[in-house]
Amino acid sequence: KFVEKRKPSDQLLCSAFSPGGSFLVTGGTDHVVRIYRVNPPPAQQIDELEGHTDQVLSALFSHRGDRFLTGSHDGTARVWQFQAGRWESDVLSLYQRKDKND
């Protein structure tokens, strides 16, 4: 049995399993993305990723399972990939600044 304790005000808002079901990614109101290894049991949290500045509302693995995407209420999506022993993300912003000369 896997039990994780967080602040009472934190809520899980999204989750996604990797293809094959070995990993689970979650996001919620605390702005943190968590990665769990769920297969083989027992489930174990393997990382916490910070980068979003507001609630994480969506998560989705790629078909190959080598990266995943998270979307946030902060207006960004992040594409996460494990490289050189750590998780790196590319940021996609829904809001783009217009140049004053445009």
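Good morning. The structure is a predicted model, in which local features need pLDDT of at least 70 and side-chain atom pairs count only at pLDDT 80 or more, while totals for chains, interfaces and linings use all residues. Residues are numbered from 1 along each chain as its sequence is written, and side-chain values use heavy atoms, with hydrogens and water left out.

Let me begin with the secondary structure. The protein has eight strands and zero helices, giving the pattern β-β-β-β-β-β-β-β along the sequence. Here, strands (E, at least two residues) and helices (H or I, at least four residues) are DSSP runs, numbered from the N terminus.

I turn now to the sheet. Four strands form an open sheet in the order β5-β6-β7-β8, and their pairing is antiparallel. Two strands pair if DSSP finds at least two bridges between them. At the edges lie β5 (56-61) and β8 (86-93), each of which pairs on one side only. From one strand to the next, the twist averages 25°, where axes are lines fitted to C-alpha atoms and angles run from 0 to 180 degrees between N-to-C directions.

How many bridges join β7 to β8? Eight bridges join these antiparallel strands, with β7 covering residues 76-83. As an example, Val79 has Asp90 in β8 as its bridge partner.

Finally, the protein as a whole. Of its 102 residues, 31% are buried, meaning under 20% relative accessible area with a 1.4 Å probe, protein chains only. The accessible surface, from the Shrake-Rupley method with a 1.4 Å probe, comes to about 7200 Å², and 50% of that belongs to carbon and sulfur atoms. Thank you.

Note on methods. Buried < 20%, exposed > 50% of the residue type's maximum accessible area, 1.4 Å probe, protein only.
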